[in-house]
Amino acid sequence: MKVLMVAAENDAIPGGKVGGIGDVVRDIPIALASKGHQVDVVTPGYGAFSALPGSERVGTLQVMFWGQRQAVDIFRVPGKKPWKNVTLWVLEHPLFAAGGPGKIYCDDPGNRPFATDASKFALFSVAVAQAIIEGRFAAIDVLHLHDWHAAMVSVLRAFDPTYKALKSIHTVYTIHNLALQGVRPMAGDESSLRAWFPYLNYDAQRLNDPRAPHCINPMRAGINLSDKVHAVSPTYAREIQQASDPVQGFFGGEGLHEDLERAAKENRLHGILNGCEYPGPTTKTLSAGELFLQCETQLLQWVGRKPGVESAHFIASRRLAHNISALSSAANSPQGLQKQPFLATSVGRITDQKMLLLRQRMSDGETALDHLLNVLGDEGMLVLLGSGDVGLEQFLTEVSSRRTNFIFLKGYSETISLSLYSSGDLFLMPSSFEPCGISQMLAMRAGQPCLVHSVGGLNDTVRDAEDGFAFSGASLQQQAENMIVSFKAAVQLKSADPAQWQRIASSAAAARFLWSDVADEVVRSLYTNSLHR
């Protein structure tokens, strides 16, 4: 079978990843190719990927966009690791580099959310549609669209006579994160459906946003106009069929629950858990001192890139220096090396999705994060690596300024993240919603038990008291309270019952979420119709 995947990210290309979608678009083609299928993957080149060594320009596509003819170049590009039966493509146009060469997403002002990206991905979508009908990817059995960035392909497939041939191609739409929907006006703006495709006749009832009927919702379009809809975990597929209730801490269909419930009744919606790679031990377990020294080295590199020192970096450097000195003094004392501190870790984007429960105010006025740090006391540390929302970064910086057992590393480092996975005692992932999640799989792979909120893919990967720890709750307050209780129980278990702790850690390390199994289920549940065409 021949599959074409269309996405904004692809970590098979150097620089092609921002979030988890890049991991999936890198890995699932390889798993499908290993089963004998041919997989092509196309993304924008963002003014950078087409310049990678080994890239080959294979032609130019002429498309209508903004009422004008636009030229979009198409390139075949090499991957980080070439794989048989997988071909990588990028499309180039000046609009695709609107944020600067290599920048995948743009930061538009709050009064025009998604404006630049929506226009960029609408042009990308029409160029992909044109490439398909011109046979640039040869004959395709399955057209697989990922998230709202690729959803306009389904709109053109349904309503543009130029691309009616796409209707004969079995089309699958994967939801990676329903919280981001790419909503833009139907008309009246340079970044609107009418501006992009002024000639298009469409059924607004299948495209518009339920909460803003004058706007197009690309996520909703992908759901309603595709043959199959894929959510990236079974639990998430069930959750998104229910209305969100943020006040009570439940994040479900985000306005699209009725469309998703209908898709489920039509047997079009399927929840399939993402996989994880298992390459064998690649990162050694570090002592706390070794880990802190590694973090300090990375921190100095971040500081060196700017003329001034950010407060988050300054505070982290003081915390690291203090702990390195304390551990060194203990090691050189007559009593010898003191026992290692309990090390809680966390890695991820700093977003409200990840931080809502940690910021929750408890009955005594302290945040839930402060309560977790109280549990650790002088015997433990929490190291959190990540960046994202400026306000949330400031919250973490403020907490780290007054809590000596909290190190906030504002930034991202692949080396540090792998060391935190392999060297921590307990990985913290209290997401308010989690379509699938990869961090918990990576921590488990390294033998570190996780404490998770039992939602989405976290519920499908971590089993409470078997290979990790889990909590839930009927409100934000109850979720935060239960998180603190579970955290305290986990910390106490490690010292009170080391044998049980080791059984849980061993079970975490033994858990397997294989891409080969995912590929089988994807073919069976999502691609089946194409096998009988």
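The lining of the largest cavity divides into 9 nonpolar, 3 polar and 2 charged residues, where Ala, Val, Leu, Ile, Met, Phe, Trp, Tyr, Cys and Pro count as nonpolar, Asp, Glu, Lys and Arg as charged, and the others, Gly among them, as polar. This is a predicted model, in which local features need pLDDT of at least 70 and side-chain atom pairs count only at pLDDT 80 or more, while totals for chains, interfaces and linings use all residues. Residues are numbered from 1 along each chain as its sequence is written, and side-chain values use heavy atoms, with hydrogens and water left out.

A cavity here is a set of points, on a 1 Å grid over the protein atoms alone, where a 1.4 Å probe fits but cannot get out, and lining residues have an atom within 4 Å of a point. The largest cavity holds about 110 Å³ of space, a volume being the space filled by probe spheres set on the points, with grid points joined across faces, edges and corners. Of its 14 lining residues, Ser 346, Val 347, Gly 348, Lys 354 and Leu 428 lie nearest the centre, and E16 gives the most to this lining, with 3 residues; helices (H or I, at least four residues) and strands (E, at least two) are DSSP runs, numbered from the N terminus.

Conventions
On a 1 Å grid over the protein atoms alone, a cavity is a set of points where a 1.4 Å probe fits but cannot get out, and a pocket is an open set with protein on both sides within 12 Å along at least five of seven lines; lining residues have an atom within 4 Å of a point.
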